[in-house]
Amino acid sequence: ICIGLASASPIMFLTTWFGSFVGISTTALLMPSWDILSLRFGLYGINASITMSVLVGNFYLLNSASVCLGIVATITSMILTMAIQYFCTPLGIAYFALPATLVCVICYMTGGSFPSLIPVDLICLTVPEDHLRRYYLSKMVMKVSLTFMVFLIALYGTIHGPYSHSLKFSCMADLI
């Protein structure tokens with residue numbers, strides 16, 4: 001599955017793995033210690049993967065704002081997954097991807113209020129040519145963003161003098 005996903009959509013491959021990592025980490029930190037075994041058998045990884053891969057690169061163009069939204073939405077999806085599991089499991093109700101769906105719909109509906117998020121029309125999600133165009137545009141946006149960050153670091157270095165590797169993180173913190 002991973003090889004097919006990586007060859008079909010490198011953006012979705014990366015966001016799926018990153019979303020699963022964020023989701024499992026969040027769940028492991030928030031879950032009570034007596035219930036940690038349900039982490040292995042729960043749907044935490046799939047809800048996180050769905051949330052991150054749908055929001056970052058599909059509903060919104062891949063940029064730093066959509067990645068931040070994806071991280072926040074994935075954490076929200078994990079909290080919602082634990083809450084829905086708490087209520088639905090004793091009743092025998094299957095909830096599968098309900099938390100991811102709810103969070104993604106809410107994020108898509110409120111996405112117009114953030115100017116740095118570039119939404120993708122829903123009709124463009126099913127056409128392979130549009131996906132390829134979105135992939136190239138995402139690469140260009142990320143390249144420009146990284147070039148701008150390198151420019152800011154170089155500018156910071158010329159103003160404050162050269163910095164060593166030990167000061168690199170403080171330089172990045174000052175820029176942010």
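Modeller: Buried means under 20% relative accessible area, exposed over 50%, and partly exposed in between, with a 1.4 Å probe and protein chains only as cover. This is a predicted model, in which local features need pLDDT of at least 70, side-chain atom pairs count only at pLDDT 80 or more, and totals for chains, interfaces and linings use all residues. Residues are numbered from 1 along each chain as its sequence is written, and side-chain values use heavy atoms, without hydrogens and water.

Biologist: Why is Tyr86 called exposed?

Modeller: Its relative accessibility is 61%, and the cut-off for exposed is over 50%, so Tyr86 counts as exposed.

Biologist: What makes the pair of Tyr86 and Phe87 edge-to-face?

Modeller: Rings of Phe, Tyr and Trp (its six-membered ring) pair if their centres lie within 6.5 Å; planes under 30 degrees apart count as stacked, over 60 as edge-to-face and the rest as tilted. The centres of Tyr86 and Phe87 are 5.2 Å apart and the planes stand at 80°, so the pair is edge-to-face.

Biologist: How many aromatic pairs does the structure hold?

Modeller: There are four. One of them joins Phe59 and Tyr108, with 4.8 Å centre to centre and 55° between the planes, and is tilted. Phe59 lies in the loop between helix 4 (44-55) and helix 5, Tyr108 in helix 6 (residues 98-110), 49 residues apart.

Biologist: Why is Phe59 called buried?

Modeller: Phe59 has 16% relative accessibility, and buried means under 20%, so Phe59 counts as buried. Tyr108, at 25%, is partly exposed.

Terms used: Helix = DSSP H or I, 4+ residues; strand = E, 2+ residues; numbered from the N terminus.
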